Amino acid sequence: MKSAVYHLGEWEVKPLLEVQATPRSLVELPQKPGMYALYDSSASILYVGQATRLRAEITQALNRRTNFPVRSGPRLAKKNRPRYKDITTRISAYEVQSPRLRLNLEALLLRLFPNQSHNNKLGTF
C-alpha cells in the first residue's frame with residue numbers, strides 16, 4: 001500500500017488519439033513514452049504496444065508484418081501476412097510517463113482482448 005501511495009503521482013494517462021482514423025503522417029504525435037492500440041475496419045484490436053517514444057514505435061509497428069495469415073482480394077485461396085499499415089484503419093495513443101504503469105496497462109489490455117489481439121507477447125504475461 002505504501003508503494004502504491006508513493007507512486008500515485010506517476011499514474012497519469014493523457015489521451016493523444018482515441019480511436020481515430022489512422023493519420024497519414026504521425027508527425028503530430030510526440031516523442032514521449034506511452035501506450036498505443038491499432039484497430040482494423042471492424043474496430044477489433046490488432047495490436048497493443050507500449051513505447052518510450054510513441055511516434056517512432058507506432059511507425060515501426062505499422063511497418064511490421066502481422067503474425068497471422070490473412071486472405072484478401074481476388075485470390076482468397078492464398079494467405080499472406082500483410083503489414084499492419086495495410087489493415088489498420090484506426091489508432092489510439094496515450095501518453096503514459098510511468099514505465100511501471102505502461103507495463104501493467106499493456107498486460108491488462110492483452111488479457112482483456114486475448115481473442116482479438118495478435119501480439120507475440122500474449123502468452124508471456
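Guide: Two strands pair if DSSP finds at least two bridges between them. Helices (H or I, at least four residues) and strands (E, at least two) are DSSP runs, numbered from the N terminus. This is a predicted model, where local features need pLDDT of at least 70, side-chain atom pairs count only at pLDDT 80 or more, and totals for chains, interfaces and linings use all residues. Residues are numbered from 1 along each chain as its sequence is written, and side-chain values use heavy atoms, with hydrogens and water left out.

Leu 38 stands opposite Ile 91 in E6. Strand E6 covers residues 90-96, and E2 pairs with E6 in the antiparallel sense over six bridges.

Now the whole sheet. Four strands form an open sheet in the order E1-E6-E2-E3, with antiparallel pairing. E1 and E3 stand at the edges with a single partner strand each, so one side of each has no neighbour in the sheet. From one strand to the next, the twist averages 10°. Axes here are lines fitted to C-alpha atoms, for helices over the stretch in contact; angles run from 0 to 180 degrees between N-to-C directions.

Next, the helices. Helix H2 (residues 54-63) packs on the sheet and touches E1, E2, E3 and E6. Contact means heavy atoms within 4.5 Å. The direction of H2 makes about 30° with that of E2. Helix H4 (residues 99-112) lies across E1, E2, E3 and E6 and runs at about 165° to E3.

Look at the aromatics. The structure holds two aromatic pairs. Rings of Phe, Tyr and Trp (its six-membered ring) pair if their centres lie within 6.5 Å; planes under 30 degrees apart count as stacked, over 60 as edge-to-face and the rest as tilted. Tyr 36 and Tyr 47 form a stacked pair, 6.1 Å centre to centre with 25° between the planes. Tyr 36 lies in strand E2 and Tyr 47 in strand E3, so the pair ties together parts 11 residues apart in sequence. Tyr 36 is buried at 2% relative accessibility, and Tyr 47 is buried at 13%. Buried means under 20% relative accessible area, exposed over 50%, partly exposed in between (1.4 Å probe, protein chains only). Tyr 36, Tyr 47 and Tyr 84 form one aromatic cluster.

Last, the backbone. Most residues other than glycine have a negative phi. Val 19 has a positive phi, near 45°. Val 19 sits in strand E1 (residues 13-21) and is partly exposed, at 40% relative accessible area.
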